[in-house]
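Work through the following exercises with the sequence and the model at hand. Each task is followed by a solution in steps.

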Amino acid sequence: MPAVIERTGNTKKQWLAALITALLFLTVCLSWGTTWLGIKIAVETVPPLTASGIRFLIAFPLFVSFAIIRGDSIYFPRSHLGFFAFVTLCYFSLPYYLLNYGETHVSSGLTALLFSCMPVFILIFSALFLRERIYLSQVVGIAIGFGSLFMILHSQGLSLAHDEFAGVLAILAAAVMHALCYVVTKQKGAAISVITYNTLPIGLAGLTLFLVGLGVERPDFTAISTRSWWALIYLGLCASVGGFIVYFFLLKRLSPVILSFVFIIFPVFAVIIGSWYEGLPISRDLVLYSALLLTGFAITKMPRQKLSVRSR
């Protein structure tokens, strides 16, 4: 009887742990899925550079607090100062400005779909710089994904003659830079804690973006709406800090492959929530091509064929 009771207790604990993990996974998907709408609302009355800077300046004190609590240094090793500059510029400063700029021309849902290409760029950069193997199934997945992306842009009526296309290029450039950062980090930053990796770069990027925004954009702070201020607070506290913490907590509980499907799921939330807020219809073509795009990118995460292509 005691053995049966013990097994029952263990089963309940396992179910509870699984439930908590599932809820946290959903929390990350929702947090990152609503990030794009948050950016869209923020840039309604705040220029892109200034909005990026304020967001990071809100997040910075919390990261410093976590560093103090955990006893982590906020400084990169002296031998990694070049890497520190690279992360500050190419992970935080430029990409987030480009995302904010892109959302002044593109819907939040489409932005999320465009940024979901990022894991594919990671795959390509890993093959080029880390000499990692690319499987045939992954090549097929990339072809399906980018073919579907082209059809999405076509179905949304975007063309080279419109400002929207500049927004598309800006968002894809941000995805490329993030992908490059992940690959370079795998080479040079494996020994650096995630708190150290984020804290000082996010603070320096926030200050730089804010000061440049003051000089270039000359924002009128009296014209910033309450809604945009709340969006910036949400982006700084929930998306930048909350989603980040939960994600890395899950990284200790789930395999990286399973957790990487966050990048496939959050665009679905983004499209639905963004379309509802912006009053945009979700067409049958958008649903079809979005499903194909995310399926293609999901295939790149599940190499099942032994036949592979090696980068030369």
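**Exercise 1. State how many helices and strands the chain has, and give their order.**

Step 1. The chain has 12 helices and two strands; helices (H or I, at least four residues) and strands (E, at least two) are DSSP runs, numbered from the N terminus.
Step 2. Read from the N terminus, the elements run α-α-α-α-α-β-α-α-α-α-α-α-α-β.

This is a predicted model, in which local features need pLDDT of at least 70 and side-chain atom pairs count only at pLDDT 80 or more, while totals for chains, interfaces and linings use all residues. Residues are numbered from 1 along each chain as its sequence is written, and side-chain values use heavy atoms, with hydrogens and water left out.

**Exercise 2. Describe how helix 6 and helix 12 pack.**

Step 1. Two packed helices are described by the angle between their axes and the distance between the axes.
Step 2. The axes of helix 6 (residues 136-155) and helix 12 (residues 284-299) come within 7 Å and cross at roughly 155 degrees. Axes are lines fitted to C-alpha atoms, for helices over the stretch in contact, and angles run from 0 to 180 degrees between N-to-C directions.
Step 3. Helix 6 and helix 12 are therefore roughly antiparallel to each other (angles under 35 degrees count as roughly parallel, over 145 as roughly antiparallel, 65 to 115 as roughly perpendicular and the rest as oblique).
Step 4. The residues in contact (heavy atoms within 4.5 Å) include G141, G145 and I152 of helix 6 and Y289, L293 and G296 of helix 12.
Step 5. By class, the contact of helix 6 with helix 12 holds 12 nonpolar residues, eight polar and one charged. Ala, Val, Leu, Ile, Met, Phe, Trp, Tyr, Cys and Pro count as nonpolar, Asp, Glu, Lys and Arg as charged, and the others, Gly among them, as polar.

**Exercise 3. Is S108 buried or exposed, and which residues does S108 touch?**

Step 1. S108 is placed in helix 4 (residues 108-115).
Step 2. Its relative accessibility is 0%, so S108 counts as buried (under 20% relative accessible area; exposed is over 50%, partly exposed in between; 1.4 Å probe, protein chains only).
Step 3. Leaving out residues up to four places away in sequence, S108 touches W36, L37, K40, E103, A270, G274 and E278.

**Exercise 4. Locate R218 and describe its backbone and accessibility.**

Step 1. R218 lies in the loop between helix 8 (194-216) and helix 9 (226-251).
Step 2. The phi of R218 is near 45 degrees, a positive value in a residue other than glycine.
Step 3. R218 counts as exposed because its relative accessibility is 67%.
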